[in-house]
Amino acid sequence: MAIKANQTESLYLPDLAEITRAEKLTELEKCFGLKLKNGNELGHKPGQFVMVSVFGIGEAPFSVSSSPTKEGSFELCIRNAGNVTSAIHKLEPGALVGIRGPFGNGFPLDLLSGRDILFVAGGLGIVPMRSLVNYVLDNRDSYGKLTILYGCKTPAELLFRGELERWEKRHDINYQVTVDKPDSSWHRHVGVITTLFPKVTIDPDRTIAIVVGPPVMYRFVALECIQRGIVESRIIMSLERRMKCGVGKCGHCQINGKYVCQDGPVFTLTQLRGLPEGGVIRR
Amino acid sequence: MSLMILEKALFNSFIERLISQSEVVGPKRKENTCAFEVINDPDELFLDYTTTILPPKKYLFPPEETLLKFNLGEVPEVEPVVEIKERILLGIHPCDLWGIWEMDKVFADRNEDTNYLDKREAVTIIGLECLNPDEYCFCTSVETAVPEECQYDLFLTDLGDEYAVIVSSDKGRRLVVGDDAFQPARSSTLAEIKAKQDEKSAKITSTIQMDVSELPLFFDNVYDSPVWESEGKRCYSCGSCVMVCPTCFCFDAVDQMELNLASGQRIRRWDGCMLQDFAIVASGENFRHTAEARLRHRMYRKYQYLMAKYGKSFCVGCGRCGRACLVDINPVSVVNQLIEAGQ
């Protein structure tokens, strides 16, 4: 029996992509538009991620922030936090980076069809969430009632403000926002994201909750959703771990027996009940 | 598959012929231990060895290898690199053959890793029955004493004055065809091979107190056992166990630039879930921040997660981790403590 691989291409060879746009969103975050040099669409599903290479510096995973319904380019929103991200932040439109992917399972679109959706985004969680929200809005008739809850630590950290305003103005979305610590310009709701839950009505039998945010947020939001009567198989969470390969080999992203890059990053609460290292539900 | 005999007196010239055709790697004595190294002369071989410091994985999944080469510029030129070397791995014990079987599976699963698989294809494997297990060996507990499903090309069993030679692939056949030293086996040869296997198994003293097939389900019940703390708090997170394990394959990937800052490469190098920073993310959060959690995770990999997926214990019972551990954490001891604590 031959052991040789059936494919000839290396798993680790990136495609080149050009930065078409670089927009500063906050002190730490920039939104980049990219298009593959080979002219192809990225072909991703909302909730998937790509491995971005700055050759000579390294490679790191980033959720795709744009919907696949937006053609011609795709968007990554990147926080300046380490070697690769600070190198990316220095890049101008025209610069070329490496892209591998899309990887991961993405959000369960077939489960969402026809349902009410409760989007709960905390902090940077809005980045992958935006891909799904815009996908749903581009196919609005296929979905029921839409509720978006977005919370950040401070007003300065809110991302995609122009888009948030457009979502808020729409009559077919209930958009609520909060911050933990207001500044002098903030006249809206103050409190952690769970404090937004009393402001919305949801039909638990029709609703799927999509939750993306920092690890500390998941347990509390999961509890809120359960208390509202949403079943655990319809509470969907996107997790994040260290990734060096994106293809289920390097081992860094393991949560118990699962690879976040292959079996995730999107998991149901039911699945997370069997994954204590997910940090969402204690056994 | 065919069975042949090679007289001991003719063994060295067989090895010399192999050395003239290809790079040959075999077990070599190293002070009071043994290591796989390139052999230039059959006299360098130490075939009665118990085990080696590092398993043969270092030839299929080396401590460091290049994945990409790139030239920077307006348009970066990026090329994949797959380093292949034709070589013969000689003298691989059954436990290590199972280690290779398992590495073959994980690198081919779902996404095919050409860096491993192409290297693997270029290698010829000559297995060797183990005659001298020691008190760290426990292949019988994890059913790796007999390499029945393993992919080897030849398998040698020392029967005293001769070697029994199992020829189990075209590659293996090509090594022996036309060489008169290889004679057809006798009717008793198969039984003699089995007798040597049984002799080896009888020498094993370290055993897990549970049938290996029950381990995955058993591990479902011990996630919160106090044994993880009592063993884990002794661990230095040095990663020695990971380095010497035939089935550990976690890796890091880093970019390295030449001094001219115009070209460079991306390499992968060994990493390990037992190391402190393995599960750290950019925000500083460490998703496995205690040695206990890391030890537990590695044991679950070997005896549950990967075992359930591939139907075989991913610990091959070679005992290298127990020998290498600076504080004598031993997998048989850990599992037996878990069993006892549960009673």
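1. In chain B, the C-alpha centres of domain 1 and domain 2 lie 25 Å apart; the assignment, which is automatic or from a database, places domain 1 of chain B at 2-203 and domain 2 of chain B at 212-341. The model is a predicted one, in which local features need pLDDT of at least 70 and side-chain atom pairs count only at pLDDT 80 or more, whereas totals for chains, interfaces and linings use all residues. Residues are numbered from 1 along each chain as its sequence is written, while chains are lettered from A and ligands numbered from 1 in the order in which they are written.

2. Contact here requires C-beta atoms, placed from the backbone, within 7 Å, and by that criterion 32 residues of domain 1 of chain B meet 28 residues of domain 2 of chain B. On the domain 1 side, strand 4 and helix 3 (94-108) of chain B each supply at least two residues, helices being DSSP runs of H or I of at least four residues and strands runs of E of at least two, numbered from the N terminus.

3. Between the chains, the contact takes 39 residues from chain B and 40 residues from chain A. Strand 11 of chain B gives the most to the chain B side, with 6 residues.

4. Chain A comes to 6 helices and 14 strands. Its radius of gyration, taken over C-alpha atoms, is 19 Å, close to the 19 Å that the globule rule (2.2 Å times the number of residues to the power 0.38) gives for 283 residues, so chain A is as compact as a globular protein of that length.

Methods:
Two residues are in contact if their C-beta atoms, placed from the backbone, lie within 7 Å.
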